[in-house]
Amino acid sequence: MRCLPALAAMAVLLATSAGGQSGEGPSHRTTDNQKATGSTTDSGTTGTPESTTTDSTADSATDSTPTSSVTTESTSLGRERAVGSATARDGSSATAEAQHEENVSATASAGGRDGGGGGGPVSSPGQPRQEWRRRVYFREEFEDGDGWKKRWVQSKHWSSYGNFQLTAGRFYGDKEKDKGLQTSEDAKFYALSARFKPFSNEGQSLVVQFSVKHEQGIDCGGGYVKLFPEDLDQENMHSNSTYYVMFGPDICGMGNNKVHVILNYKGKNHEINKTIKCRINKDTHLYTLILRPDCTYGVKIDNQLVAVGALEDDWDFLPPKRIKDPYARKPRKWDERPQIEDPDDKKPEDWEDFEKIPDPDAKKPNDWDEAMDGEWEPPLIPNLKYKGEWKPRIIDNPNYKGEWVHPEIDNPKYKADPNIYRYYNISVLGLDIWQVKSGSIFDNFLLTNDEEFAEKVGNQTWGIRKDPERIWREAYEAEEKRKQQEETKKKIEAKEEEEDEKKYAVELEEDDEEDEDANQAELEKDKELKEEENRDVGGNGTTGVEGRDEL
């Protein structure tokens, strides 16, 4: 089987996405017939329950594989209810866990929701058509309180990993339904994962979907998820653990943001060659990756296609189909010059191309001694006849053959691989991220083979919350802005009042100094008057008239 061309894939994905947000989505709550029980693995982590679909013409069957999380549905029968069942590895542990898993869906999500939709794979040439059933491998919406702690495992690879908390954040559509895992510590690595029944996406689509809200106004950090193989040791998960898929937003500064789509092929991770910009604001956004069995892909943000194409074209999984012929050489006489200088064009004899010339009127001084002063040269003066540098005219090259193109040949190292989309034993979904500023909330995880179902689930989760959340956020930010403006106004007024007090104190001090100067002047004046009086008084303390009278 060969992969379909990228254009055909684009048409299929665009047609699939045409439903937008108009389709009828799944019910918002689990019915009584969807209750499931859980089981605990030997390692102490909580296994996810398994399920099968009950159709209208056949009895339900239960998969005997333990710790599974797969829901199937026949496209010919339409929308059916999923009945959960679980087979525990440890019988006593399964009995103990059965109570807390009440109202947990058959896909391991707390309060999972049933829903309709089709979206089976397109038949590929040469491949027999098989009955297609919807499968929901994993779904998590955190509607059972602290029950998530039994399904998700914190890595112990480093003791310094940050902790997640369950919250809807500061603004939301529904405080309980919109709860998700939030990063709670700044400048931390995070490593948390959930396990489900291993599956392969061979012959069918793989849809990876989740929502994330950076309500803290993230400055630098990841918001992506990873899919791991079955052999991952969850308690030892770290940034170098082998993974199949890494998908989601990564932001570090306003100019450095993108949606990672990294796929593992033959043990090597390959980043998509396109740049897909992510959303940078404080609202919840829905991210969806679709890998199809015709080797095409699609990336959606908020249920709208933002990238589509062929896996072979947009990743460097395979060597190029065509390469330059290593034995081909450009002929020596191959002329690639479209224009040349006219070989018949000659410079006129009277053309002066010297900008400066020796002064013809200059004379060697009489006292010039060549032995001492060297050879005498007249000084240079501007050439009045200077016409600029002469160049022959340009003409079309009569021997021009065009640009030589290196011949290409089929690459002997290239070999088509119709299975570059395929992974075996997908069994763990993990959050392996770094954040400088914490506060991101992850929610609405979904792994399925049904694109339409994923779109409807997105509309019934993210789609319902987005408008109330945005309105609340805008009101919250407006109130915060008002408070900030009031605080700023108070600070300005306090500063002005402080400056007025300082100014008044200076003026008061200046007034005191003026009064002191005035008093000093009066004292000086009084002193002068007294001195004058003393000069008028005789040596015995009487005036001169009184002394004459006594004589």
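**Entry 1: a lysine to start with**

I began with K347, which is partly exposed because its relative accessible area is 38%. For these labels, buried means under 20% relative accessible area, exposed means over 50%, and partly exposed lies in between (1.4 Å probe, protein chains only). I noted that this is a predicted model, where local features need pLDDT of at least 70, side-chain atom pairs count only at pLDDT 80 or more, and totals for chains, interfaces and linings use all residues. Residues are numbered from 1 along each chain as its sequence is written, and side-chain values use heavy atoms, with hydrogens and water left out.

**Entry 2: salt bridges**

Side chains of opposite charge can pair when their charged atoms come close. The rule I used asks for a side-chain nitrogen of Lys or Arg within 4 Å of a carboxyl oxygen of Asp or Glu. Which residue does K347 form a salt bridge with? I found D353, with the closest N and O atoms 3.0 Å apart. D353 is partly exposed, at a relative accessible area of 27%.

I also saw that K282, D283, R473 and E477 are joined into one network by salt bridges that share partners. Searching the whole structure gave me 34 salt bridges.

Next I looked at K330 and E336, a salt bridge whose closest N and O atoms are 3.3 Å apart. K330 has a relative accessible area of 40%, so I wrote it down as partly exposed. E336 is partly exposed too, at 31%.

Then I checked R393, which forms a salt bridge with D345 at 3.4 Å between the closest N and O atoms. R393 sits in the loop between strand 23 (380-382) and strand 24 (394-396), and D345 in the loop between strand 21 (339-341) and strand 22 (356-358), so this pair ties together parts that are 48 residues apart in sequence. Strands (E, at least two residues) and helices (H or I, at least four) are DSSP runs, numbered from the N terminus. Is D345 buried or exposed? I have D345 as buried, with a relative accessible area of 19%, while R393 is partly exposed at 47%.

**Entry 3: aromatic rings**

A pair of aromatic rings is described by the distance of the centres and the angle of the planes. Rings of Phe, Tyr and Trp (its six-membered ring) pair if their centres lie within 6.5 Å; planes under 30 degrees apart are stacked, over 60 edge-to-face, and the rest tilted. How many aromatic pairs does this rule give? I got 18.

For W152 and F445, the ring centres are 5.4 Å apart and the planes are at 50°, so I call the pair tilted. W152 is in strand 7 (residues 152-154) and F445 in strand 27, so the pair ties together parts 293 residues apart in sequence. Both W152 and F445 are buried.

F171 and Y476 are a tilted pair as well, with 5.8 Å centre to centre and 55° between the planes. F171 lies in the loop between strand 8 (164-167) and strand 9 (180-183) and Y476 in helix 6, so parts 305 residues apart in sequence are tied together. F171 is buried at 1% relative accessible area, but Y476 is partly exposed at 26%.

I also followed a cluster linked by ring pairs, which includes W152, F445, Y137 and Y287.
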